[in-house]
Amino acid sequence: MSNTNNQNNDINKNVNDGTIHRSRRNKKKSRKNSKKDHKLNLKIGKGEKAIDFSSIDKKKVLKIAIIAFLTICLIGIVYVAAVIISAPDIETDDIYSLLSQSSVLYDDKGEVMDTVFGNENRTLAEIDKIPEHTRYAFIALEDKTFEKHHGFNIIRIFGAIKDAVFNGGHISGTSTITQQLSRNLYLSDEMFDRNLSRKVREAYYAVILEKELTKDEILEAYLNTINFGCGNGIQTAAQAYYSKDVEELTIAESAALAALPQAPTSFALVVAVDASEINDNTNNLILKNGDVAYVWNDKCKDRMMTCLYLMHDQGYITDEEYEEAKKVEIKDIVNPNLDALNSLSNYYADYAIQTVIKDLQEEAGYSSQEAYDLVYNGGVKIYTTMDSQAQAVIDREFSIDSNFPVATNYKKDNAGNILDKNGSILLYAFSNFINGDGNFVLKEDEFKKNKDGSLTLIAGKRLNFYNTTVQGQTDYSVEFKNMYVYENNTLYAINGGYINIPQKYKSKDSDGNVILSADFFTDYPTFFTEDGNTLVTNQFTLNPRTVQPQAAMTIIDNKTGQIKAMTGGRKTSGRQLFNRAVTPQQPGSSLKPLAVYSAALQKSFELEKDGKSFDFVDNGFDKQGANGWGTYLTTASIVDDEPLTVEGRVWPKNSYGGYRGLYTFRTALQQSVNVCAVKILSQVGVDYSAKLVEKFGITSLKDSDHNLAALGMGGMTDGASTLEMASAYTTFVNDGVKKDYSIYTKVTTRNGSTILEPKVEETEVLDAGVAWIMRDVLKTVVSEGIGSPAAISGVSVGGKTGTTDDKYDIWFCGFTPNYSAALWIGNDVNIAMSSYSNMAASLWGKIMGQVSASYGGSYSAAPSNVVEATIDTKSGLLATSASGSHTRTEYFTSGTIPTESDATHVTADICTSSGYLATPSCPSVETKSGISRPYIPNEKVGDIKSELPHYYCNEHNPSPDSYPTEPGKTVTIVTAPVAPPSDSSDDDNSDDDIDEQSKE
């Protein structure tokens, strides 16, 4: 015991005086020296004394190694436990609720026509719809032990940990299919982190998934989550690249898709490129459409071949299947669904989406955000009314430049800027904004440097300043004015742009100038550079250039009101673009059938029904006044095309110049005579007309449009859209009833539950008989009038052209038995075009002539209240034998048919000397047949030569009271007819009598 105590005392002493520490350091030093000696001995070779390794305690080394290993394991267990404990809990009951699913749009035949998505493009596919060879393609390439492991492959995990130790902490790819699914579902925010903690959580979640789900459920979810370059999910990829559903995939197609997730962007089977990159040497071109071209891409070919090899090696495909699939080239299997690829503009789909979001709020009680999230991330199914064949025809024809007129007759100033008709700048030349170096140069008079270091941008120059709100705070947007470029005989408009100045540095003074604070130049010292007396910057954004003229078209089913096709622009790309199809444009004469001619017939129908006649009035601006209209306004009513003086000026003018005289209601519409439209409207009344136009569904009519110019000539304040015009024209085919237009038949959840159906209401706009008569008249606009370029062989077409002043807008609105359609062409700014509406009519006919639904179908028979009669086309009354060729069978609603016979065609004696109606005193008379209006016509009318005189001869007039003469003419009054000289002896007496008469 004493010896032990002494030893302990010695140890304590050594600890206290530091000896034990020195001893340990000496031992360490000794070990180091020993190691060096060992190395030296190895070099010295024979003759040197070697270290005796037999003296080393092997048990002690093994013990240390075991302890070290267990320590590392313990640390690893603690680390893994810590990671798992900190990992959020997960739910596996409904894993699809975690996925952002693409919503799918179907056409009227149930075919997929587009997808819509927020962050991810995904359409779910059930496992029993996915072919076995497709499933095995992914298993073979990604995880051959998938059907055996319980979530992760331990050997691959340890290999990854080893790589992490020797590769600076970065862990290599080791994920099984289940791990990849867990990452996609629960670790999307850490998707690209290659560290051990993410791998641990990934494996942990994989174990849970394996415990809670079957292998089929895991594989199904996996195939619905992975990225294929065109979006997420195997169904999305099948549609995008092959235009087919997943159940139709072949072995080769499946292997190609299995190759994509490794590098979805670079391996994508179809790539969209700028059309300017395409040339004669481009051998992988699929389709060139406007500014965008699609090419096939085979960068995944090697990995595709690897997949096929592994499928064969692992027994998933036979020798024959393997050999056949190996021969397949990417170019032979790609057949892209361009809508699913989501690169080109799709005005129809965008409008459908907007409508569904709006209706979810208004009809289903969703908030704005809820509706948006459901459509963009909820995987809903939108069953649209699109006729894909009709839509494809429009899109194809809109891409052909020769179908459109060109901008013409515009004036420029000395700087090359395009001017409007008042001499103001309409479009700036691009070169006057952006110089050859791609910079914007602020001129000396456009800014002012201030003493406090701030800068004032002066209003009223080339920059526009707009008040905006950003994150609830007022901002001032500094924007370029509109510009243009002219290339390859084509005008392109650039809808401005903006200078990218952060919000907090801008303010506005009382003169409307924008002030950039001194802090801006401290924080952004290189934003502007000085060049003499100017400031230069390249910190701006330009809006895309747009070809001019632009166009829009909408097609609607007559009986249902369903929107069958819609395009809101031409040669455009992108989504959520400015949609001209739903934007009001000046309709010109295409409004006349609604506001003038239908209004006239409908008002007459209503008056007759109430037992009243039409109250025609003299408006004081023409010769016809209240004369010659008949009892009611009908298709037979006579309208005199003559000069009108309205508010002190001669207005309106006809497109052909001059005035042609007597037209019937029908022929005035056939020839689109502006004067006649204004005269009819003046009798109908602008208030009655406006109410009817609104019943037709034109919602853009303003109070300021209650005038002859807006309603009679289509010069509205805002205009009308092709959507509303096409819908309005369906009324003529649908027996006077207009159904609200709709763009979908139903919207369902991804599980098939209906959440939205359109509420389609109908409005009786016209009496069925009035509608039938208007339809008949509009058909003759095409068969006999100026709408003839819209004719389609084998189809009975009706419609109306429209051209606004200065040819800024041209239209054709028309119908076939099944569809009505409205087409607008015009520049986005007021620049004239090289064609009148005949070019719009021609393109309308060209498009509708290729639409399958234009053929077949039939118009309804005439209602029982439609009657017919042969009328005189110069009087509007019942024809007589005197009418000659001036007759036509016309249609009327019951009670409005004329009851009187023609009295305009007359025969009269004309004095051969004066050319006026003969009096009993005229010595020489001839009989003439012609027209005699019930009023004195304007001498400028084109048919004046057919008009018989309305006054009597002023040279041989026995009594001006009985035989009125033209005012201002000198009258020679005679008491008896003038007889020729006689050979009798009474000649002298006769002469005396003549002299007496002359004196009187």
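## Exercises on a predicted model

A search of the whole structure, which is a predicted model, finds 27 aromatic pairs.

**Exercise 1.** Classify the geometry of the aromatic pair F138 and F228, and state where the two residues lie.

*Solution.*
1. A pair of aromatic rings is described by the distance of the centres and the angle of the planes.
2. For F138 and F228, the centres are 6.1 Å apart and the planes stand at 90 degrees.
3. Planes over 60 degrees apart count as edge-to-face, and the pair F138 and F228 is therefore edge-to-face.
4. F138 belongs to helix α4 (residues 132-142), while F228 sits in the loop between α8 (215-223) and α9 (234-242).
5. The two residues are 90 residues apart, and the pair links distant parts of the chain.
6. F138 and F228 are both buried.

**Exercise 2.** Find which residues are linked into a cluster by ring pairs.

*Solution.* The cluster consists of Y505, F520, F521, Y524, F527 and F528.

**Exercise 3.** Determine how many residues of helix α10 (residues 251-259) are buried, and name elements that cover them.

*Solution.*
1. Buried means under 20% relative accessible area.
2. Nine of the nine residues of α10 are buried; among them are I251, E253, S254 and L257.
3. The cover over the buried residues of α10 includes α4, α9, α11 (264-267), α12 (301-313), α13 (319-326) and α14 (330-333).

**Exercise 4.** Describe the largest nonpolar core through its members with the most contacts to other members, then follow the contacts of L594.

*Solution.*
1. This core has 95 residues, of which L594, Y597, I680, M725 and F732 touch the most other members.
2. Helix α20 (residues 592-609) gives the most to the core, nine residues.
3. Leaving out residues up to four places away in sequence, L594 touches A599, L692, V693, F696, I698, M725, A728, Y729 and F732.
4. Another core lies apart from the largest one; it has 58 residues, including I139, A221, L249 and Y322.

**Exercise 5.** Characterise the largest pocket by volume, lining residues and residue class.

*Solution.*
1. The volume of the largest pocket is about 1,200 Å³.
2. Its lining has 45 residues, and those closest to the centre are M713, T803, T804, D805 and D806.
3. Two or more lining residues come from each of β28 (649-650), α24 (708-713) and β34 (798-803).
4. By class, 15 lining residues are nonpolar, 19 are polar and eleven are charged.

Conventions
Residues are numbered from 1 along each chain as its sequence is written. This is a predicted model: local features need pLDDT of at least 70, side-chain atom pairs count only at pLDDT 80 or more; totals for chains, interfaces and linings use all residues. Side-chain values use heavy atoms; hydrogens and water are left out. On a 1 Å grid over the protein atoms alone, a cavity is a set of points where a 1.4 Å probe fits but cannot get out, and a pocket is an open set with protein on both sides within 12 Å along at least five of seven lines; lining residues have an atom within 4 Å of a point. Grid points are joined across faces, edges and corners, and a volume is the space filled by probe spheres set on the points. Helices (H or I, at least four residues) and strands (E, at least two) are DSSP runs, numbered from the N terminus. Ala, Val, Leu, Ile, Met, Phe, Trp, Tyr, Cys and Pro count as nonpolar, Asp, Glu, Lys and Arg as charged, and the others, Gly among them, as polar. A nonpolar core is a set of buried Ala, Val, Leu, Ile, Met, Phe, Trp, Tyr and Cys residues joined through side-chain atoms within 4.5 Å. Buried means under 20% relative accessible area, exposed over 50%, partly exposed in between (1.4 Å probe, protein chains only). Contact means heavy atoms within 4.5 Å. Rings of Phe, Tyr and Trp (its six-membered ring) pair if their centres lie within 6.5 Å; planes under 30 degrees apart count as stacked, over 60 as edge-to-face and the rest as tilted.
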